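Please examine the sequence and the three-dimensional model shown below. The paragraphs that follow begin at the ligand and then turn to the protein chain as a whole.

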Amino acid sequence: MTNMLEGKVAIVTGAARGLGQMFSCKLARAGAVVVAADRNNCAETVAEIKKNGDRGTSYQADVTDHKSLKDMADKVTRDYGRIDILVNNAALYANLTSAPFDNLTEEEWDDCMAVNVKGVWNACRAVVPTMRECDGGSIINMASLAATYGLPFCLHYTASKAAVIGITRGLARELGRHWIRVNAIAPSAVATEGTRDFFGDKFEHATEVIRSNQSLRRTLEPADVAGQVVYLASDASRFVTGQTLMVDGGTTLL
Ligand SMILES: NC(=O)c1ccc[n+]([C@@H]2O[C@H](COP(=O)([O-])OP(=O)(O)OC[C@H]3O[C@@H](n4cnc5c(N)ncnc54)[C@H](O)[C@@H]3O)[C@@H](O)[C@H]2O)c1
């Protein structure tokens with residue numbers, strides 16, 4: 001996939017670790033200049049990108065704060081003259097409470113919506129003006145099997161990821177006239193630090209149950225998802241928009 005994204009500029013949110021870090025490295029490997037954005041430090045991600053001889057930089061931004069994303073988009077536009085790809089990956093996931101729906105706190109519900117839903121809207125409205133000026137772009141939103149399956153005992157997360165699929169569809173129709181494509185990726189549980197934190201001591205049992213519902217019976221690895229991000233970012237998917245790509249080892253068959 002080397003050079004598929006040569007000349008493109010990509011922003012990845014939530015890029016300090018986990019999937020966001022992997023996506024940043026793979027997009028850079030495919031030739032894009034990558035801006036790794038997170039509320040935490042992305043030095044490790046940028047070091048990984050550079051270790052491969054690829055191009056990347058970091059930006060500290062909180063997706064709940066539209067101004068910090070607008071400032072980032074303005075800086076990226078000034079520095080590189082364009083924004084072609086946005087991966088809305090930042091989310092509250094790893095530390096969320098798993099509990100019956102009526103035991104979740106209002107505070108945690110609101111925080112989850114602020115990052116996972118409003119954060120996606122914030123990032124889109126920050127970068128779309130530049131994408132319009134560049135006559136197109138690709139926005140990739142991280143949804144989850146949680147939304148399509150209906151993950152119980154984590155209703156705030158499940159609802160937030162269903163909203164991400166709704167945003168993807170509505171925005172695809174709205175931005176198609178500007179040749180900006182908007183797609184989502186819905187993975188099942190990926191072997192990341194976040195998933196280990198989320199399931200805690202139930203990790204082995206939970207991943208075994210998930211595997212048993214898959215057609216391909218192994219646990220999903222970050223690299224399995226990263227290939228789809230590169231595909232959706234590239235011209236290989238140039239007539240694909242508004243879609244939610246299930247990366248779940250054949251759990252959901254559309
Ligand atoms: N790991 C999985 O099994 C899995 C499955 C389906 C979907 N997803 C989705 O994939 C994405 C990445 O998952 P992960 O496992 O790598 O998660 P993770 O928790 O390991 O990483 C999330 C990143 O987002 C950042 N972040 C959180 N709040 C932020 C904010 N307000 N502003 C900026 N950055 C913020 C964190 O600092 C962290 O670096 C998430 O959208 C998640 O919902 C993950």
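**The ligand and its surroundings**

The residues of the shell around the ligand comprise 15 nonpolar, 9 polar and 5 charged ones. The model in which this shell is seen is a predicted one. Altogether, 29 residues surround the ligand, and the closest are Arg17, Asp38, Asn89, Tyr157 and Val190.

A backbone N or O atom of Leu19 lies 2.8 Å from an oxygen atom of the ligand. For Asn89, a polar backbone atom is 2.8 Å from a ligand oxygen atom, whereas for Asn40 a polar side-chain atom lies 3.2 Å from an oxygen atom of the ligand. Taken alone, the ligand exposes 830 Å², and the protein buries 97% of that area. The elements that contribute two or more residues to the shell are α1 (18–29), α6 (155–175) and α7 (193–199).

The view may now be widened to the whole chain. The protein chain contains 9 helices and 7 strands. Its radius of gyration is 17 Å, close to the 18 Å that the globule rule gives for 254 residues, so the chain is as compact as a globular protein of that length. The C-alpha trace spans about 45 × 35 × 35 Å along its principal axes.

Of the 254 residues, 52% count as buried. The accessible surface of the protein chain amounts to about 12100 Å², and 50% of this belongs to carbon and sulfur atoms. Among the contacts in the protein chain with a separation of 6 or more, 71% are between residues 24 or more positions apart.

Definitions and conventions:
Residues numbered from 1 in each chain as written. Predicted model: local features only at pLDDT ≥ 70, side-chain atom pairs only at ≥ 80, totals over all residues. Heavy atoms only, no water. Near = heavy atom within 4 Å. Polar contact = N/O pair within 3.5 Å; in protein donor to acceptor, adjacent residues only side chain to side chain. Areas by Shrake-Rupley, 256 points an atom, 1.4 Å probe, with all protein chains shown as cover. Helix = DSSP H or I, 4+ residues; strand = E, 2+ residues; numbered from the N terminus. Nonpolar A, V, L, I, M, F, W, Y, C, P; charged D, E, K, R; others polar. Rg over C-alpha atoms; globule rule 2.2 N^0.38 Å. Buried < 20%, exposed > 50% of the residue type's maximum accessible area, 1.4 Å probe, protein only. Contact = heavy atoms within 4.5 Å.
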